[in-house]
Amino acid sequence: MFTTRPVLTGTFGMVASTHWLASAVGMRTLEAGGNAFDAAAAAGFTLSVVEPHLNGPGGDAPLLGHRAADGHTFVVCGQGVVPALATTDAYRALGVEEVPGTGHLAAVVPGAFGAWLDLLARYGTLPLADVLGPAIGYARDGYPLVAAGARTVATVADMFRAHWPTSAQVYLPGGAAPTAGVRFRNPDLARTFERLLAEAAAAGPDREAQIEGARRAFYEGFVAEAVDAFVAGSPVLDATGRAHTGFLRGADLAAWHATEEPTVAVPFAGVEVHKTGPWGQGPVLLQQLRMLEALGVEDLVRDVVARPGREAEDDGPLAELVHVVVEVAKLAFADRDAWYGDSGDVPLDALLSTAYAARRARLVGAGADDGYRPGDPDGRAPRLPRALVAARAAADAGGPGAVAPAPAGLGEPTVSRIGLSPGDTCHVDVVDRWGNQVSATPSGGWLQSSPVVPGLGFALPTRAQMCWVEDGLPASLVPGRRPRTTLSPAMVLGSGHGFAFGTPGGDQQDQWPVPFLLRHLLGGMDLQAAIDAPTWHSSHVHGSFQPRTHTPRGVVVESRLGTGVAGALAARGHAVEDAGPWTLGRLSAAGVGPDGWLRAAANARGQQGYAAGR
């Protein structure tokens, strides 16, 4: 079977990410004697420089790690919390009933930098200067700006000039938007990183003391002071059409620390699939796998994999598989919207039980379901946010413009002129020669969604837009809670083998991996072939980003699935959108095979993701 790249195979180490420079930096770190945790952090810091439209040092970063020596598998939570002043009453006092997707009002504690430092302190081996050095070099000396980054800056350039001058200073050098491929520099960010390293060195010669010194400088020192002054003292235009200051303060940063916690996992196809807890959307992937197992899709998947080139057959196995996966996604994501959040009251055991999955799977019929049906996993009636209930009612009424179409595409953010974006991110997977693994999904702090903090060279995360300005919901806006993020790193682990994997793509982060896992774990396709294979997702699912769009019965497909499959789906009632041949998903993976070989694969869509290894 032809694949866009080979599956890399070796014994020393593997790095796969959404940008070739990050993969190269991660591999350089392994070559310098670092382990997977050092390499992931080095790659993550690099991503925060070279993909500023997708993430930044002031963004969010949940990480999954696996220490091979003792089998310890864990989450480092780099999702910052809602500020202490950001209550629902405070938003309502401003006349704001929905957290805007841009500007200061959406800012939460930046967690990415702290998460990488926590990973290094607990599990890394190299000095911070070695790990952060490549990112400083790219910020100071320049890197080739990818086309999507140039498009994003061009889209919001007028807003930067008129309303966000601190962003214009960084991203419009000489007053003009940069072009794709230009050598782009961010000297303010380089100086910020260098100052953090100076503060680290001042903490003494001990490696862990230096990491703590950098953490204090960021969360209690000059970075926190600059954030406090800017957010509290400088009103900026946001998606409400008005200028606001924000609620984030230096005290919020000082009170926050990255935390380590257990993963959530379910068995599937002879392995365990690991995700974060329900403060993120990660368990929604596990719910889908449970339901698909209950539906007995294994024979169907093997039939599809055994029939390459026959996708155009009307109503064949592939159309049946797409239909079943889409219908299962609708059910799982309805549960996400009703039950997930950082409330401490999520009935997760019931949601992931085989009995509940079997009961939910029986709702999958022969046609496309137009409903929005969360379940009652612990006997309680589900409660949906009022805004989503209203959106469903508007869709059912068929009013003009009642529901905006959800954007299709490969995960690059669709950005409006005022910076609204459905949110996108980066991803990196690492495995080292000892079998340690990391899956990380850094995101947030997008250049288009929040203005650059003066002198720091980076923006703040706008993840509060994922909270509801409605009390009593699992994902309500509550000070100190983590927004129910879409960021969703993942890991598959068996007896002495497994792999880290993930993708950018907002709500699609737990849809695109489903056909990938089915093809690889059940169908026997190798990692690269499973990534390359044509994919799809449901746009019936409600978006997590303001303005939270969806398309009733919508299914977005890559045209390589075949016109016969698209026609068969339409005949079942799906509203099919052809997104083009190579457009959906940016998966990567790296791990240890059952035979002991290290392997990695990366996605060719977007023309910038690569794996490196030997």
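Helix α2 passes helix α5 in a right-handed crossing, a crossing being right-handed if the near helix is turned clockwise from the far one by less than a right angle, and left-handed if anticlockwise. The model is a predicted one, in which local features need pLDDT of at least 70 and side-chain atom pairs count only at pLDDT 80 or more, while totals for chains, interfaces and linings use all residues. Residues are numbered from 1 along each chain as its sequence is written, and side-chain values use heavy atoms, with hydrogens and water left out.

Two packed helices are described by the angle between their axes and the distance between the axes. Here the axes of α2 (residues 36-50) and α5 (residues 128-141) come within 8 Å and cross at roughly 20 degrees, which makes α2 roughly parallel to α5. Axes are lines fitted to C-alpha atoms, for helices over the stretch in contact, and angles run from 0 to 180 degrees between N-to-C directions. Angles under 35 degrees count as roughly parallel, over 145 as roughly antiparallel, 65 to 115 as roughly perpendicular and the rest as oblique. Helices (H or I, at least four residues) and strands (E, at least two) are DSSP runs, numbered from the N terminus.

On the α2 side, the contact (heavy atoms within 4.5 Å) is made by D38, A41, A42, F45, T46, V49 and V50. Facing them from α5 are L128, V131, L132, P134, A135, Y138 and A139. Sorted by class, this contact has 12 nonpolar, one polar and one charged residues; Ala, Val, Leu, Ile, Met, Phe, Trp, Tyr, Cys and Pro count as nonpolar, Asp, Glu, Lys and Arg as charged, and the others, Gly among them, as polar.

Aromatic rings come next. Rings of Phe, Tyr and Trp (its six-membered ring) pair if their centres lie within 6.5 Å, and planes under 30 degrees apart count as stacked, over 60 as edge-to-face and the rest as tilted. The count comes to 18 aromatic pairs. One of them is the tilted pair of F37 and F74, at 6.2 Å centre to centre with 40 degrees between the planes. Because F37 lies in α2 and F74 in strand β4 (residues 72-77), the pair ties together parts that are 37 residues apart in sequence. Both F37 and F74 are buried, that is, under 20% relative accessible area, with exposed meaning over 50% and partly exposed in between (1.4 Å probe, protein chains only). Ring pairs also link F45, F113, W116, F193, F218, Y219, W256 and F458 into a cluster.
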